[in-house]
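Open the structure in your viewer and keep the selection tool at hand. This tour goes from stop to stop and says what to pick next.

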Amino acid sequence: MRIRYALTTTAAATAAAAALGLAVAVPAQAAEYSSALKIKGVQYDAPGRDSNKCSGGNTKNEYLTIKNYSKTATVNLKGYKVRDAAGNTFTFKNSHTLQPGDYVSLRGGRGTDSDAKNVVYRQNCNFIWNNDKDTIYFYKPSGSRADVHAYTKKANDRDGNGYITYHG
């Protein structure tokens, strides 16, 4: 609810300013993008001690969940991109379709992508999300933004479990 409240407040402030003919700077994470696919949540701090070893490490426990919020459209993830504030990028190179209401977990580490198990692996054993703060950018194949969220551990992860939910 914190995020939705902030979006509602920002939208109301923007509308009021527009009515007065004023320009308002809107934070990147407050913008709503016209995309069926949005970031549902992020496990930015993998449980346990961080180890980016391909064998025995825990990068597979760091993941981003992307959900298709459309009620009717099936969306193919091929060509979508995920990027962090430092510019680390992952592009969905293979077809992976999401039915309405379906989701996929984009995990670190190496593994076999599976539509049936709703998982895609980055095939990279390095962590992508910072444990203290970061920004997650999600881009459509056209290059336009589908969604974006900035987080800080202190402000957004009150229970300290390393997971943040965005679009419920």
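**Stop 1: the whole chain**

Bear in mind that this is a predicted model. Start with a cartoon view of the protein chain. It holds 2 helices and 11 strands. Follow the chain along the sequence and the pattern reads α-β-β-β-β-β-β-β-β-β-β-α-β.

The accessible surface of the protein chain comes to about 9,300 Å². Carbon and sulfur atoms account for 51% of that surface. Of the 168 residues in the protein chain, 40% are buried. Contacts also reach along the sequence: among those between residues at least 6 apart, 57% join residues at least 24 apart.

**Stop 2: the sheet of 5 strands**

Select β8, β7, β2, β1 and β11. In that order, these 5 strands form an open sheet with mixed pairing. Which strands stand at the edges? They are β8 (119-121) and β11 (163-165), and each pairs on one side only. Neighbouring strands in this sheet are turned by 25° against each other on average, direction ignored.

**Stop 3**

Is β2 mostly covered or mostly open? It is mostly covered, with 6 of its 6 residues buried. Colour the two faces separately. One side carries Tyr63, Thr65 and Lys67, the other Leu64, Ile66 and Asn68, and all of these are buried.

Bring β1 back. β1 and β2 run antiparallel and are joined by 6 bridges. Pick lysine 38: opposite it stands lysine 67 in β2. Then pick glycine 41, whose bridge partner in β2 is threonine 65.

One more selection belongs here. Arginine 107 lies over the face of tyrosine 63, at 4.4 Å from the ring centre.

**Stop 4: the loop between β1 and β2**

Go to asparagine 58. It sits in the loop between β1 and β2. Is this residue buried or exposed? Asparagine 58 is buried, with a relative accessible area of 7%. Now select what touches it. Leaving aside neighbours within four places in sequence, the contacts of asparagine 58 are Ala46, Pro47, Gly48, Arg49, Asp50, Ser51 and Phe127.

**Stop 5: the sheet of 4 strands**

Select β5, β4, β9 and β10. Taken in that order, these 4 strands make an open sheet with antiparallel pairing. β5 (89-91) and β10 have a single partner strand each, so one side of each is left without a neighbour in the sheet. The twist averages 10° from one strand to the next.

Zoom in on β9 (residues 133-139) and β10. These two run antiparallel, with 7 bridges between them. They form a hairpin with 5 residues between the strands. Click on glycine 143 in the turn: its phi is positive, at about 100°.

Tyrosine 139 has arginine 145 in β10 as its bridge partner. Aspartate 134 stands opposite tyrosine 151 in β10.

**Stop 6: the aromatic pairs**

Show the aromatic side chains. How many aromatic pairs does the structure hold? There are 5. A pair of aromatic rings is described by the distance of the centres and the angle of the planes.

Select tyrosine 44 and tyrosine 151. Their ring centres are 4.8 Å apart and their planes meet at 40°, so this pair is tilted. Tyrosine 44 lies in the loop between β1 (37-43) and β2 (63-68), and tyrosine 151 in strand β10 (residues 145-152), so the pair ties together parts that are 107 residues apart in sequence.

Next, select tyrosine 137 and tyrosine 139. The ring centres are 6.3 Å apart and the planes stand at 15°, so the pair is stacked. Tyrosine 137 and tyrosine 139 are both buried.

Key
Residues are numbered from 1 along each chain as its sequence is written. This is a predicted model: local features need pLDDT of at least 70, side-chain atom pairs count only at pLDDT 80 or more; totals for chains, interfaces and linings use all residues. Side-chain values use heavy atoms; hydrogens and water are left out. Rings of Phe, Tyr and Trp (its six-membered ring) pair if their centres lie within 6.5 Å; planes under 30 degrees apart count as stacked, over 60 as edge-to-face and the rest as tilted. Buried means under 20% relative accessible area, exposed over 50%, partly exposed in between (1.4 Å probe, protein chains only). A charge sits over a ring if NZ of Lys or CZ of Arg is within 6 Å of the ring centre and within 35 degrees of the ring normal. Two strands pair if DSSP finds at least two bridges between them. Axes are lines fitted to C-alpha atoms, for helices over the stretch in contact, and angles run from 0 to 180 degrees between N-to-C directions. Contact means heavy atoms within 4.5 Å. Accessible areas come from the Shrake-Rupley method with a 1.4 Å probe; for residues, only the protein chains shown count as cover.
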